[in-house]
Amino acid sequence: PLAVLSSCIVGCYGGEGLKIGGRVEGARVHGSAGDIGALAVQRVSPEATNGEASTSEETASDVVAPLPCGVGVAANASSDKRALCPEECPLMAESRPCVFSCVAVPADCREVSPHRPIGDTNLNVCRACIVEGCEECAKDGTETCRKCKTGFQGGGSRCVHDLLYAGLGFLILAGVLFVIVVAWFVDMARREVVNAEGLKEALLQRSRMKLRTPKQSGCEERSLWPLSTNLYRQEVAGPGMRLVFSFQVWLFVWALMIGVVWIILGLAYDPELLHLGLHKSSTARENCVTVARGHENQQRLLEAKVYFLVGAYVFSFVFWVALSVLHGQFWYDMDADNLTHKDFCAALFDVPRVRGDERIEEELKERIARETGQKVVGVSVCWDFRRVEHDLMKAVYADLAQREETEYFDSFGLKSESETADTDAGYSSDSSPSNCSGSDRSPEARQQCWGFQRVERAILGHIIEEVADSTYFEDSTDERDAEALIR
């Protein structure tokens, strides 16, 4: 949008609009081998222009000298873009890159411009064959391709892409998958609901996850935020979201300021700064002239662009650092205006070092309450255990494993082996209170107990030395059944 705006401004400012002069008109032909080049060239008499002014690039004279017949003329920055071939040799041929000559008949195109051997009397140019994917045209002046580009196959009047059939197969496969997905959705929609409670809970959970407005007095239900909510000013989901949208707003402001300064620089220094790279060409010769002039203008305006980039870099650095400071102050202001968890906490530093076996939490709690006059809920001490971190974490994990084991066995109304008097005993019936083969247990209870003991052993990291005690299988008539049960 800035580029279009600048082009319109400069067009009005410099007397140069976006339209091309009335002497050359044309359109590019697609699908040629290489650059077809000059597209339609139409001769218009000076009287037919109705007094229209030409482009600002060509204002020297309304009369343009035609190109000579049979002589190669290079198109450079000083060439007139409007120059055409005379009527006695109306076809413009490019004999070498950006070197053009005028020929009389289409047959001369094959000699002057072998890579563009077709003389097109409608376009008044020597062009290449119009065959999609053609790399080299036939030299006989017909619409025939001699060699297709890499990735194409065929020749003559048509080059087919290698991936054409693969693309068709992919489209067919995508269509089949689409039908399957649609059929699956239709099937799911028609199925009977078998878990109404689960569906209701899932919908409630999804509803609870949505952002809603604060509670209003006299209103039980909290409504959703409207789409017109200004997320830059309204706190919806904490300070993080407001800071994100604040960044987005200032990003737009920064880009607008850079664009406005660039337009002002172009209008004040040289309007070509805003036009560079936007000039259009309707023929191959005009394209050569445009490229040559663009290179000269680029070198001429390079210093101004470097100064602009340096200024934009310094401005951007200062701008974003200032925005960071502003956002930091914004964060502190929001923290001061809102109650959060840290408003109910205090951090104490430089506490005297004590041993780990001294329980100073209660002492600190009483001392802080006495000194501040506030009710202290609890105190958490930060211990320096870097030297014994490995041993401490090992003890923590062991305690956690024991707690999880106890909770797991309690859920089945059983006692874990760690809760019994002899934790080192095996599975014999006369050595461990947690033995699974007691006379008061049913076979199903013995099997379940045995499985719990294996889980217990794995949690504690011990090696299972005995799979099960022999008395468990005293009633078994088939040893293979016992082994299968163990597995």
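Modeller: Arg96 stands opposite Val99 in strand 3. The model is predicted, so local features need pLDDT of at least 70 and side-chain atom pairs pLDDT 80 or more, while totals for chains, interfaces and linings use all residues. Residues are numbered from 1 along each chain as its sequence is written, and side-chain values use heavy atoms, with hydrogens and water left out.

Biologist: What makes strand 2 and strand 3 a pair?

Modeller: Two strands pair if DSSP finds at least two bridges between them. Strand 2 (residues 91-96) and strand 3 (residues 99-103) have five, in the antiparallel sense. Strands are DSSP runs of E with at least two residues, and helices are runs of H or I with at least four, numbered from the N terminus. Two residues lie between the strands of this hairpin, where Cys98 has a positive phi near 60 degrees.

Biologist: Why is Asn124 called buried?

Modeller: Buried means under 20% relative accessible area, exposed over 50%, and partly exposed in between, with a 1.4 Å probe and protein chains only. Asn124 has 15% relative accessibility, so it counts as buried. Asn124 is in the loop between strand 4 (118-120) and strand 5 (125-127), and has a positive phi of about 60 degrees without being a glycine. Most residues other than glycine have a negative phi.

Biologist: Is Asp350 buried or exposed?

Modeller: Asp350 has 79% relative accessibility and therefore counts as exposed. Its place is the loop between helix 8 (302-337) and helix 9 (361-372). The phi of Asp350 is also positive, near 60 degrees.

Biologist: Why is the pair of Trp184 and Phe185 called edge-to-face?

Modeller: Rings of Phe, Tyr and Trp (its six-membered ring) pair if their centres lie within 6.5 Å; planes under 30 degrees apart count as stacked, over 60 as edge-to-face and the rest as tilted. By this rule there are seven aromatic pairs. The centres of Trp184 and Phe185 are 5.0 Å apart and the planes stand at 75 degrees, so this pair is edge-to-face.

Biologist: How do you know that helix 5 is roughly antiparallel to helix 8?

Modeller: Axes are lines fitted to C-alpha atoms over the stretch in contact, with angles from 0 to 180 degrees between N-to-C directions. The axes of helix 5 (residues 239-269) and helix 8 come within 11 Å and cross at roughly 155 degrees. Angles under 35 degrees count as roughly parallel, over 145 as roughly antiparallel, 65 to 115 as roughly perpendicular and the rest as oblique. Helix 5 is therefore roughly antiparallel to helix 8.
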